[in-house]
Amino acid sequence: MNSYLICGDIGGTKTLMRAVVMKDHACETCLERRYDSQAYDDFDDVLNDFLQHLPGVPEVVCLAIAGPVTAQQVALTNLSWHISAQHIQQQFSIPAVRIMNDFEAVAYSIEILSNDDLVTLQTGNPRPNSTRVVLGAGTGMGVAWLINGVNGTTVLATEAGHIDFAPTNTLQIALLDYLGIRYGHVSIERILSGQGLVDLFHFLQEDSLKLGRTGNKQPVVNDAATVTRLAFEQQHPVAMQTLEHFSEIYGAYAGNLALAGLCHGGVYIAGGIAPRILRILQQSGFTSAFQNKGRFRTLMQTIPIHVIVNNKAGLLGAEYVASQMLSSTANTHTGQ
Ligand SMILES: Nc1ncnc2c1ncn2[C@@H]1O[C@H](COP(=O)(O)OP(=O)(O)OP(=O)(O)O)[C@@H](O)[C@H]1O
């Protein structure tokens, strides 16, 4: 039998698993499954199910996980799972297991994405060998840097989704106060995430009720998909405003990260939400908020911004790393 690997992208909402067979140095997917993360008590149950559909034990497993990885262990930020590489290795008798942050994996995918996987919001003036950043709102907010040096590209995992929300106008200051009462610390993830979109809708709904701008019959909104449906299908004014403010805050935050790393190589917007609100990102204040950095406006106009519309970028990055692991295992066996 040919050797095979398993890669996974594990988030607070969904878990994507893929098994890949290596044949003559080429990869061929032999199984792919999507799991609802919240329907499982722990990751062992998911892996158990996935392995049952495969003809043996994989040589390599590489998992991209939404949480801070330390010593090859991670407690997911928005799910009660704890995942340890050593535990998986022992429990499932898998020779090599690696875990990494999910946005670290998205960063690895950047080099292998095709043009069709990207929609450009700002062409800018990309400079080769410059720093790049990937960020994305989904269940949470993930961020990773790609830094170029003499030995090629280094990917740096971060927890920059948990840095403070920096309001830029009076409405956003009121939003900070509103969320502060609810959460205490208002990280940017409290807004730029699925739950954040819902909270932003409720904040604007209350504001509009106070001002007497809306009637008594209000839609009930418990999830982010309802906000986008109300905006796109019914042109609901509060839902439309929600997406516009979300987009502005997203652009300002992406601009902050671009400045922090002086990302002349480009900014890549990933995560599950961006492709679903793409036309809002293209039309509304995303790019102007990105550029709105005072004396650095002209510099901000030179930084390329792309949206990653391939919703399997994290899986692709994990597959890339797993295939490298498999090749190095094969080279060790053949003494190369
Ligand atoms: N149509 C939609 N419009 C806006 N948001 C949506 C829509 N559908 C789903 N979402 C939100 O997207 C989020 C899931 O994003 P994603 O697909 O990136 O999941 P994930 O990879 O499990 O998340 P993470 O990696 O951040 O833990 C959920 O919060 C969900 O409410």
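These legends walk you through several close-up views of one predicted model.

Residues are counted from 1 along each chain, following the sequence as written. Because the model is predicted, local features need pLDDT of at least 70 and side-chain atom pairs count only at pLDDT 80 or more, while totals for chains, interfaces and linings use all residues.

**View 1. An open sheet of 6 strands.** Follow the strands in the order E8-E13-E12-E9-E10-E11, and you will find mixed pairing. Helices (H or I, at least four residues) and strands (E, at least two) are DSSP runs, numbered from the N terminus; two strands pair if DSSP finds at least two bridges between them. At the edges are strand E8 (118–122) and strand E11 (152–157), each pairing on one side only. From one strand to the next, the twist averages 20°.

**View 2. Strands E12 and E13 side by side.** Here strand E12 (residues 266–270) meets strand E13 (residues 305–308) in the parallel sense, over 3 bridges. Look for valine 267, whose bridge partner in E13 is isoleucine 305.

**View 3. Helices H3 and H7 across the strands.** Helix H3 (residues 102–109) lies across strand E9 (132–137), strand E10 (141–149), E11 and E12, at about 45° to E10. Helix H7 (residues 237–260) lies across E9, E10, E12 and E13, at about 155° to E9. Angles run from 0 to 180 degrees between N-to-C directions, with axes fitted as lines to C-alpha atoms, for helices over the stretch in contact.

**View 4. Where domain 1 touches domain 2.** The protein chain is divided into domain 1 (4–105 + 313–334) and domain 2 (119–308), with bounds from an automatic or database domain assignment. Their centres, taken over C-alpha atoms, are 29 Å apart. The contact takes 14 residues from domain 1 and 13 residues from domain 2; residues are in contact if their C-beta atoms, placed from the backbone, lie within 7 Å. On the domain 1 side, strand E7 (96–101) and H3 each give two or more residues, and H3 supplies the largest share, 3 residues.

**View 5. The shell around the ligand.** Of the 21 residues here, Gly11, Gly138, Gly194, Ala224 and Gly272 come nearest; a residue is near if its C-beta atom, placed from the backbone, lies within 6 Å. Helix H5 (194–210) and helix H6 (224–234) each give two or more residues, and H6 gives the most, with 3 residues. Each of domain 1 and domain 2 contributes at least three residues to this shell.

Technical notes
Two residues are in contact if their C-beta atoms, placed from the backbone, lie within 7 Å.
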